[in-house]
Amino acid sequence: AFLTSEEIPNATAGTKKSEVLVRINPLSVTNEFGRELWRDDLRAGMHGADGFMIPKVESIDELRLLDEALAEMEQGGGGPKKVLFPIATETPAAVLNIAEIAKGPRVVAITWGCEDLSAEIGSYGTRTDAGGYLDVFRHCRTMTLLAAKAANVQAIDGIYQNVRDLTGFDAEANDAKYAGFDGKLTLHPHQIGAVHKVFEPTNEEWKEAMDIVSLWEDDDGGDGKGSLEYHGKMIDLPHYVRAKKVLARSTKREGDRKEEGGTSTTDTTIFTSSGSESAQTSSPSTPNNGKEGEDSDEVFPRVYLGKYFEDLHPGLTIRHFLTRTVTESDNVFFTCLTLNPAPIHLDHELSKGNSSALSSGGGSDRANSNAGKPLFNSMFTLALLVGMSVPECTHGTTVANLGFSEVLFPKPVYPGDTLRAETIILDRRESKSRPTQGIVTLQHVAYNQRGDAVCKATRQALMKKRP
């Protein structure tokens, strides 16, 4: 997600099933006028966010400053206190102070990162040729785990940079789980399901933990001897404590445990305040709120990017990342495909006069640039606009398109124009006959390279609610 501070309240509204953290600017960053940007980020996230992710923390004093600023903003507001989630290893000073950072006010978890630290210390990379971390970064990872556990907060493992290497991601997530981390940051939807699967105890792990706990408690702690035998292994108090933690990590009831069954975790979504990459921490729930396919046994699990009914609240503006430079081939192909013989789309000679007439009032340069160009088929423009809106809006979360209440074409489109799109949520309401769905009114707008609106379409869509 790439969000400005002004967009954060819209982005966080309606996100009730996940904890939402806003990643703020480092405390050292100011604008050209000396304004501390992190204070603006805090204000932007006060409504809708559960807390804040803090990059480049170097000392507990910075966390105390944040605590004071938040306490002032929270006065009279009611509701739970905002929490803090520091990235605690991005500078050399941070690594040396990590134990104190983990004990800072409002801190509920810490994580680690190595790219910024690599730049700070001047290393030539972060991993060895074999793929493992260099010793200095392995030290940071270990210190994050130990500092978190000493402070009794969650330890969240850092990101895995190669989002296409799911095998490497699985291996690193498994290593984090067995080391004692409580979750892992993710960069891409493909990684989320893997984290859920890894951090939920397997049936074998769960059964062994159940056996150890039952054996220990039935025998009253080894009948005072402090040790028991389980499958030929000696079991003592640390094994019992560890087994209890495994069971606490599980989110499935005994009767629900099936071979290769789905998992369920708690997600924390992190929105950025200044265009840096967002991440998501996951510890044992349904893969991506169910967005990665209904069947966890799929060879290629489906990944859905769209927003649910609860996310599409009135006033939300979504700027779509897809753009398209339309060509004459597009125009001819679509016109022929739809059996539309209108010469304004196909006849260059007729178009010379037509394009000049349409461009009147737009300046001679514009008229000359479009002279002789056929007018683009407006149905293509409409279809392209709706298509560009799908990934961030309705991908995998729409049930049906119910119709268009208004379609306008304020300006013509010609071959060679580059179009972009945005969507504004105008209204939403519950479906009276479908309790798991709702009706959302969306206005899609397409703009050309000059910023002119070339198509406005208002439609109603039947949307899924969160499962």
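User: Two strands pair if DSSP finds at least two bridges between them. How many bridges join β2 to strand β3?

Analyst: This is a predicted model: local features need pLDDT of at least 70, side-chain atom pairs count only at pLDDT 80 or more, and totals for chains, interfaces and linings use all residues. Helices (H or I, at least four residues) and strands (E, at least two) are DSSP runs, numbered from the N terminus. β2 and β3 (residues 83-86) run parallel, and the number of bridges joining them is four.

User: Which residue is the bridge partner of I54 in β3?

Analyst: I54 belongs to β2, which spans 51-54. Across in β3, its bridge partner is P86.

User: What is the handedness of the β-α-β crossover from β1 to β2?

Analyst: β1 (residues 19-23) pairs with β2 in the parallel sense, over three bridges. R23 stands opposite M53 of β2. Between these strands the chain passes through α2. With the strands pointing away from the viewer, a path from the first strand over the helix to the second that runs clockwise counts as right-handed, and this crossover is right-handed.

User: How many helices and how many strands does the chain have, and what share of its residues is buried?

Analyst: The chain has 16 helices and 16 strands. Buried means under 20% relative accessible area, exposed over 50%, and partly exposed in between (1.4 Å probe, protein chains only). Of the 467 residues, the share that counts as buried is 46%.

User: Which residues touch the most other members of the largest nonpolar core?

Analyst: A nonpolar core is a set of buried Ala, Val, Leu, Ile, Met, Phe, Trp, Tyr and Cys residues, joined through side-chain atoms within 4.5 Å. Elements that each supply at least two residues of this core include α2 (37-45), β2, α3 (60-74) and α7 (135-151). The core holds 37 residues, and those touching the most other members are I24, L42, F52, I54, L66, L84 and I110.

User: Which residues does L84 touch, not counting residues up to four places away in sequence?

Analyst: Contact means heavy atoms within 4.5 Å. By that test, L84 touches F52, I54, L63, L66, L70, P105, R106, V107, V108 and A109.

User: How many residues make up the second, separate core?

Analyst: Among its members are F334, F380, L384 and L385. The number of residues in this second core is 16.

User: Why do the buried residues of α13 lie on the same side?

Analyst: In α13 (residues 328-337), the buried residues are D330, N331, F334 and T335. The arc is taken from the directions that run from the helix axis to the C-beta atoms. These residues are on the same side of α13 because they cover an arc of only 120 degrees.

User: What covers that buried side, and which exposed residues are on the face turned away from it?

Analyst: The cover includes β12 (324-325) and α16 (378-393). The face of α13 turned away from its buried side carries the exposed residues S329, F333 and L337.

User: Is A94 buried or exposed?

Analyst: A94 lies in helix α4 (residues 92-96). Not counting residues up to four places away in sequence, A94 touches V57, E58, A88, T89 and I101. With a relative accessible area of 0%, A94 is buried.

User: Which side chains of β7 are buried?

Analyst: Side chains alternate along β7 (residues 227-230).

User: Which residue in the turn between β7 and β8 has a positive phi?

Analyst: β7 and β8 (residues 233-236) run antiparallel, joined by four bridges. E229 stands opposite M234 in β8. The strands form a hairpin with two residues between them. In the turn, the residue with a positive phi, about 50 degrees, is H231.

User: What is the relative accessible area of N152?

Analyst: N152 lies in the loop between α7 and β5 (154-157). Its phi is near 60 degrees, positive although N152 is not a glycine. N152 is exposed, and its relative accessible area is 70%.

Terms used. Residues are numbered from 1 along each chain as its sequence is written. Side-chain values use heavy atoms; hydrogens and water are left out.
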